[in-house]
Amino acid sequence: MSLDKDTVKNIAYLARIRVEDDKLEPLAGELSAIMGWIEQLQELNTDGVEPMASPGALTLPQRADVVTDGNCRDGVLRNAPDAEDGFFAVPKVVE
Amino acid sequence: MTDDLTPLTISDARDGLEKGDYSATELAQTYIQAMEAGRELNAFITETADIALERAVESDARRAKGCVAGPMDGIPIAIKDLFCTEDVLTTAGSHILDGFVPAYESTVTANLKNAGAVMLGKTNLDEFAMGSANITSYYGPVKNPWVADTGPDAGKDLVPGGSSGGSAAAVSGGLAMAATGTDTGGSIRQPASFCGITGLKPTYGRCSRWGTIAFASSLDQAGPMTKSVRDAAIMLGAMAGHDPKDSTSAPQAVPDFEAALTGDIHGLKVGIPKEYRVDGMDPEIQALWDRGIEWLKVSGAEIVEVSLPHTKYALAAYYIVAPAEASANLARYDGVRYGLRVPGDSLDDMYMNTRGEGFGEEVQRRILVGTYALSSGYYDAYYIKAQKVRTLIASDFAKAFESVDVILTPTAPTPAFALGEQQDDPVAMYLNDVFTVPTSLAGLPGISVPAGLSKDGLPLGLQLIGRAFDEETLLRVADVMEISAGFTFHHGAED
């Protein structure tokens, strides 16, 4: 499996990670090596095998639909890089 | 006050505190001094001496009133900096969590606190627990307290293993009596092996993941890193327990793990998986494994060869499953709610700049692999395929455990290596976890016990794997193996 520069650029965009143009080529090489090594999985026949998502219980527990937490706005906001009037603040998204 | 308190184990200190040989405050002071004197190991990201003293004083007050909280009361421990601690900086070893001070306490550290444990500080780790040498931390590499006497790495700085490298170095170097670790593919067991200590990864679901910074949610599990198997049993008892705040936490009673250490393994069946005798295995590791087999046989266990036929595919499956889950879990670091923000012209630009600067190379690589494996057109070929292989690996173990009680393997393919080695090839680094990853995929408990020294004087561990939620049998066999090994601490050339 070989990943080219454009593929890496696209994945990096999907993951919202800035990768400078001069880093794309070496990164494509590294990721191709990793994916090439992972390719060995294809030699195993897994027809009819159920995928395993977790070793835990298959059914998740349920609880009453009640508020169990809250009233901690200031504690939550104190770590925000930017907060105003009790809200998280971000760069302008609507022109 | 004397430095003689640092070699104590938890069980020693429990008895000493009980007898009044020293106070929790004296223990804390001793360890604070040791922590400060051992700064060149870079084992701690944050030291919390004030909290330690405060909790030690409270512990002594409880003891004076006759209401000791349990065997961990007054025990000075270090906390891997992946556990959120209320009002104490929590970094995950990453630049992207700059300045993050949680407003809440993880369940595991809250359990330890309620049990009276005294927190000395937060230990260094590979960034987001991704690594096997503790070299990916934003806060710099950790040094292994052990030094090779001979060989190509003689006298060089060695890695402590990873990702719980700071915890392992702190316990091994006498900077903490014990420490918490987390293990996703070997991150407790491999550094325990590299640093000559005991490291236990419990069954998936035994310890709550609530408040522990997530790497791969179907694999992550917290566990104790200690100087002895007995200490691991005591500390696990304080960490474990059902937690409704983690939907994958198992509603299982917490047994008295220490009571399981009976010293008697007569008639127990120990499986030796033939597929772990990999080509090119270091003859020293092979010899150590053979010694371990002999010890258990002499102690009355029956040795049975077992087959885990899909072992060779475990690492490749892991390196899809773990990065896929990581890419989803790490999506939350966006420069909005906590940590680093690098400004940009638009919201998207700000996200990309923040994550480009905030994540280190290995974390970026894994997020990209995970994003790729989950992306349209590749989801079935990689992610679903890896999950199917995971089923086969879990079935291998289920079948083996029909005929054996525990499985014995080496913990790691090599002893600790020098800082700077194995750094250019990600796949070579991943091979460190070849013996530990299958257990993680199956969600089973595994423990690394220091079992001997390499020819160059470095510690080597053996791994025991148990049935799900049967840490008791696992600890019982580990205790017998520890006694047979007669491993003693000495850090080689430094001593």
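Student: How many residues does helix 2 of chain B have, and what does it reach from its first C-alpha to its last?

Tutor: Happy to start there, keeping in mind that this is a predicted model. To read a helix, set its span beside the one expected at 1.5 Å a residue. Helix 2 (residues 24-37) of chain B has 14 residues and reaches 20 Å, close to the expected 20 Å.

Student: Which residues of helix 2 of chain B are buried?

Tutor: Burial is read by counting neighbours: a residue is buried if 20 or more other C-beta atoms lie within 10 Å of its own. In helix 2 of chain B the buried residues include B:Ala24, B:Leu27, B:Tyr31, B:Ile32 and B:Met35.

Student: What do the buried residues of that helix pack against?

Tutor: In chain B, their partners are helix 1 (10-19) and helix 3 (49-64), together with strand 1, strand 2 and strand 3 (118-123).

Student: In what order do the strands of the sheet in chain B run?

Tutor: Read across the pairings: eleven strands form an open sheet, ordered 1-3-2-4-6-5-10-11-9-7-8, with mixed pairing. At the edges, strand 1 (44-47) and strand 8 (302-306) of chain B each pair on one side only. Neighbouring strands are turned by 30 degrees against each other on average, direction ignored.

Student: In which sense do strand 2 and strand 4 of chain B pair?

Tutor: Strand 2 (residues 76-80) and strand 4 (residues 178-183) of chain B pair in the parallel sense, over two bridges. Look for B:Ile77, which stands opposite B:Ala178 in strand 4 of chain B.

Methods
Residues numbered from 1 in each chain as written. Chains lettered and ligands numbered in written order. Predicted model: local features only at pLDDT ≥ 70, side-chain atom pairs only at ≥ 80, totals over all residues. Pairing = 2+ DSSP bridges. Helix = DSSP H or I, 4+ residues; strand = E, 2+ residues; numbered from the N terminus. Axes fitted to C-alpha atoms, helices over the stretch in contact; angles between N-to-C directions. Expected span 1.5 Å × (residues − 1). Buried ≥ 20, exposed ≤ 12 C-beta atoms within 10 Å, placed from the backbone. Contact = placed C-beta atoms within 7 Å.
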